[in-house]
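Please look through the sequence and the model shown below before reading on.

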Amino acid sequence: MEVFISWLGKARANRADIEDLVEDILGERGEVTGGGEGDTGGNIDVEIFDDADTKPLMSEIVQAISDQLPRNACYVFEDDEELYLLREQLPGAAQVPMQLRAASDGICGGLNRALKAAAQASGEYMPFECSYGMVEGTTVISQLVGRLPVETVRERLEAWVNGEASAMIRQPLGLVGATAWEAHHNGAPVLRVPTP
């Protein structure tokens, strides 16, 4: 089973040291297969040889490295789109309300539909998409991925959210009483939705 650990921003420890710690935990049951780090964040790719070992090993890895990575650090299993925030997997961690999780998924889907409609209406291709939704505290966050400068992403989002596609974006926000949104740069283009 392949597991991909990633984060936005700067890690609190050297990535090589974090990889060594993961390798020590894996022992003969798996290995670090890759990793990288840049201006926007970093990642560590892990392979666990026996699927039965995946849950206990990831639990051990999370406890060992979560305090060395930003609060947005998460992991995802191969062929699975669900993201797991490391800090939410720690023993005793408060669970995020299902309403916020559902809203995050709704915002992601609604945003993609809105972006597609707006792009088609203006004769453009859809240059980026909401790749997933996740929740941090009481703020729903959806990461946008694409090959446009952050300023361009921000400008297009602002134009589209206030245009004909507005309802498709605002409807899922209203489900959780969200009062505002903004596109900003936090290592990557991100749609951050403050909730009361």
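**A residue in the sheet**

At 26% relative accessibility, Asn 43 counts as partly exposed, a class that lies between buried (under 20% relative accessible area) and exposed (over 50%), with a 1.4 Å probe and protein chains only. The model is predicted, and local features need pLDDT of at least 70, side-chain atom pairs count only at pLDDT 80 or more, and totals for chains, interfaces and linings use all residues. Residues are numbered from 1 along each chain as its sequence is written, and side-chain values use heavy atoms, with hydrogens and water left out.

**Surroundings of Asn 43**

- Asn 43 has its place in strand β3, where helices (H or I, at least four residues) and strands (E, at least two) are DSSP runs numbered from the N terminus.
- Leaving aside neighbours within four places in sequence, Asn 43 is in contact with Ile 5, Ser 6, Trp 7, Arg 15, Gly 35 and Gly 36, contact being heavy atoms within 4.5 Å.
- Asn 43 and Tyr 75 are 32 residues apart along the chain, and their C-alpha atoms are separated by 9.3 Å.

**The sheet**

- An open sheet is formed by 5 strands in the order β2-β3-β1-β4-β5, with antiparallel pairing; two strands pair if DSSP finds at least two bridges between them.
- Strands β2 and β5 (84–85) stand at the edges with a single partner strand each, so one side of each is left without a neighbour in the sheet.
- Strand β2 (residues 30–37) runs antiparallel to strand β3 (residues 41–48) and is joined to it by 7 bridges, with Gly 30 standing opposite Ile 48 in β3.
- The link from β2 to β3 is a hairpin through 3 residues.
- Strand β1 (residues 2–8) is also joined to β3 by 7 bridges, and these two strands run antiparallel; here Leu 8 stands opposite Gly 41 in β3.

**The helices**

- Helix α1 (residues 15–26) lies across β1, β2 and β3 and runs at about 165° to β2, where axes are lines fitted to C-alpha atoms, for helices over the stretch in contact, and angles run from 0 to 180 degrees between N-to-C directions.
- Helix α2 (residues 54–65) packs on the sheet and touches β1, β3 and β4 (74–77), its direction making about 165° with that of β4.
- In α2, the buried residues are Thr 54, Leu 57, Met 58, Ile 61, Val 62 and Ile 65.
- These residues cover an arc of only 135° around the axis, which puts them on the same side of α2; the arc is that of the directions from the helix axis to the C-beta atoms.
- The buried residues of α2 pack against β1, α1, β3 and β4.

**The aromatic rings**

- The structure holds 3 aromatic pairs, where rings of Phe, Tyr and Trp (its six-membered ring) pair if their centres lie within 6.5 Å, and planes under 30 degrees apart count as stacked, over 60 as edge-to-face and the rest as tilted.
- The rings of Tyr 75 and Phe 77 have centres 5.5 Å apart and planes at 75°, so this pair is edge-to-face.
- Tyr 75 and Tyr 84 form a stacked pair, at 5.3 Å centre to centre and with 20° between the planes.
- Ring pairs link Tyr 75, Phe 77 and Tyr 84 into a cluster.
- Tyr 75 counts as buried at 7% relative accessibility, and Phe 77 counts as buried at 17%.
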